[in-house]
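Reader: Could you take me through this one? I'd like to ask about pockets, rings, strands and a few backbone details as we go.

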Amino acid sequence: MDALCRRSAFASANELCIRKQVANVKTLRVQAKTLYTCRMRSPMEQSSRQKNESVKLDMKGVLSFFKKSLAVAAASLVLTQSPCPVLADEVLTFPGSSFNEVLTVQRTLLQAWSIIRDTYVDPTFNKQDWTSQLKDTILKLSTLDSSETAYEQVRDMLATLGDPYTRIVTPKEYENFRISNDGAVDGVGLLIATEQESGKLVVLATIEGGPAERAGVRPGDELVQIDDVALVGMNGEDAAIKLRGKAGTIVGVKLRRTLSPDTSSAPELKELKLKRETISMSPVYTAVLPHTNSSGRKTSTGYIRLAQFSQNAAADMQKAIFKLEESNVDSYILDLRNNPGGLVRAGLDVAEMWLDGNETLVNTVDRRGVTLPINVARGHALTHDPLVVLVNEGSASASEILAGALHDNGRAILVGHKTFGKGKIQSVSQLWDGSALFVTVAKYLSPSLHQIDQVGIAPDVECSPLISPDDMSEAAGPEKFLERDACVLVAEHLIE
């Protein structure tokens, strides 16, 4: 045990000494006020407290403990205090679950509750008593017997905020989130999905140069088995997790391939042993589109598709622009269709590559209602060639920040359909049990102070593609699709 003593402005000369220890919690005791309760405990009371293995948490101090990387200890503190005046009104006692996995979620709930209380964009918490929500949820958790149902109760509590973007994800879900945003994964280089009609797991594409492509796996192959596990009824996410693993390890896959479009042809079963590698999954695809304008002059347009704003999005975008500049393209098309967003910082970094000076990239509105602009930091565009940005109803969040920055600063013309309309920014906090909390901490407006949330950004020119941009995977050879994409043709016409 160690002692932590601090002066209290309310107690003036009285010393407030707090003794901390980590315990296996069977009862959660939470102080409702922001000051510690100081009182004497009799030996009988001390014995009872130790028997029940209680924990008392000061709700003002919870977050500071977590910020000091004492998350595990802070969730199971027993605080005893020296004699001093009573400074708070009430200590709330809650039953802790007898199931360890549920007790773990209870501790995680306390951490999540504190983060939301201090950072959530709406300080009224959707016009409700946030402390009462904590009380109700802890009591509900104490009656449950599994972490799955416990997490559902926490999700129900977060749902009372009326914000679908403030949410908690399990450790497994957070691991998948990090993989998708890191831009690299240890695996075999397969992109798979579930066929809606048949429920089969099929290969959408293989990563160029990856183990699966080198072994001859092709788009359209059905994934039947991974190691000794049959995949009947398994979803694509769970199958993808089984394909991942430490680089250098071996995974066995069984594939079914139809030899001919003739349905009477017997499918071929193929068994492969694939060695996992670290696969770089770039969110950027580029192509050079030749074009002959109305005067007969031959030009070329650099096409860049950005699929998401992952950790490597900005670096890959910079490489793409440099590559196309070396090809002497005359103009650019930036395709943000069906880009759901990702890391806001990546969106801002990409915007700076197209803008000069100190233009405003986006305006943020914090929980106090204060509007603050975020401006270009470096102020030197990588190219000044004409630019058209393609957007649609699947362009959201960081995509809307980027599109709004380029449009409102007069850098680009927008073509396509009105964007999704997600004008909120989330912070992500990993919680002590490996889960993560996504919290909306601010709203944002376009540089011209246009509302985006639930409104979206309207394009300058509307169009509908003849094909889905999702079909433009590198494995499928997207150039043949681009020449038939109506929005690309409209963009080329506007550039001319």
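Author: What follows is a conversation about a predicted model, taken topic by topic.

Reader: Let's start with the second largest pocket; how much space lies in it?

Author: The second largest pocket holds about 470 Å³ of space. It is lined by 18 residues, and those closest to its centre are Arg 167, Phe 177, Gly 341, Gly 342 and Phe 438.

Reader: And which element gives the most to that lining?

Author: That is β23, which contributes four residues to the lining of the second largest pocket. Both α7 (171-182) and β23 (424-430) supply at least two residues each.

Reader: How does the lining divide into nonpolar, polar and charged residues?

Author: Eight of the lining residues are nonpolar, seven are polar and three are charged.

Reader: You mentioned Arg 167; what does its charged end sit over?

Author: The charged end of Arg 167 sits over the ring of Phe 438, at 4.0 Å from the ring centre, and both of these residues are among those closest to the centre of the second largest pocket. Another arrangement of this kind involves Lys 422, whose charged end sits over the ring of Tyr 165, 4.5 Å from the centre of that ring.

Reader: Staying with rings, how many aromatic pairs does the structure hold?

Author: There are five aromatic pairs in the structure. One of them joins Tyr 120 to Phe 125 in a stacked arrangement, with 6.5 Å from centre to centre and 15 degrees between the planes. Another joins Phe 125 to Trp 130, also stacked, with 5.5 Å between the centres and 10 degrees between the planes.

Reader: Is Phe 125 buried or exposed, and what about Trp 130?

Author: Phe 125 is buried, as is Tyr 120, and Trp 130 is buried too.

Reader: Then Asn 126, what is its phi?

Author: Asn 126 has a positive phi, near 60 degrees, although this residue is not a glycine. Most residues other than glycine have a negative phi. Asn 126 lies in the loop between α4 (100-119) and α5 (130-141), and it counts as partly exposed because its relative accessibility is 40%.

Reader: Where does Leu 449 lie, and what is its phi?

Author: Leu 449 lies in the loop between β24 (436-445) and β25, and its phi is also positive, at about 65 degrees. Its relative accessibility is 51%, so Leu 449 counts as exposed, the cut-off for that class being over 50%.

Reader: On to the strands; which ones pair with β13?

Author: Strand β11 (residues 222-226) pairs with β13 in the antiparallel sense over four bridges, and within that pairing Ile 226 has Val 253 of β13 as its bridge partner. Strand β14 (residues 268-275) also pairs with β13 in the antiparallel sense, over eight bridges, and there the partner of Gly 252 is Lys 273 in β14. As for β13 itself (residues 250-257), six of its eight residues are buried, so that the strand is mostly covered.

Reader: What is the order of strands in the open sheet of six?

Author: The order is β16-β17-β18-β21-β22-β25, with mixed pairing. The edges are taken by β16 (284-292) and β25 (461-462), each of which has a single partner strand, so one side of each is left without a neighbour in the sheet. Within the sheet, strands β17 (residues 298-306) and β18 (residues 331-335) run parallel and are joined by five bridges, with Ile 304 bridged to Leu 334 in β18.

Reader: Last one: how many residues lie between the strands in the hairpin of β19 and β20?

Author: The hairpin of β19 and β20 has five residues between the strands, and Gly 369 takes a positive phi near 85 degrees there. Strand β19 (residues 360-365) runs antiparallel to strand β20 (residues 371-375), with five bridges joining the two, and Thr 364 stands opposite Leu 372 in β20.

Notes
Residues are numbered from 1 along each chain as its sequence is written. This is a predicted model: local features need pLDDT of at least 70, side-chain atom pairs count only at pLDDT 80 or more; totals for chains, interfaces and linings use all residues. Side-chain values use heavy atoms; hydrogens and water are left out. On a 1 Å grid over the protein atoms alone, a cavity is a set of points where a 1.4 Å probe fits but cannot get out, and a pocket is an open set with protein on both sides within 12 Å along at least five of seven lines; lining residues have an atom within 4 Å of a point. Grid points are joined across faces, edges and corners, and a volume is the space filled by probe spheres set on the points. Ala, Val, Leu, Ile, Met, Phe, Trp, Tyr, Cys and Pro count as nonpolar, Asp, Glu, Lys and Arg as charged, and the others, Gly among them, as polar. Rings of Phe, Tyr and Trp (its six-membered ring) pair if their centres lie within 6.5 Å; planes under 30 degrees apart count as stacked, over 60 as edge-to-face and the rest as tilted. Buried means under 20% relative accessible area, exposed over 50%, partly exposed in between (1.4 Å probe, protein chains only). A charge sits over a ring if NZ of Lys or CZ of Arg is within 6 Å of the ring centre and within 35 degrees of the ring normal. Two strands pair if DSSP finds at least two bridges between them.
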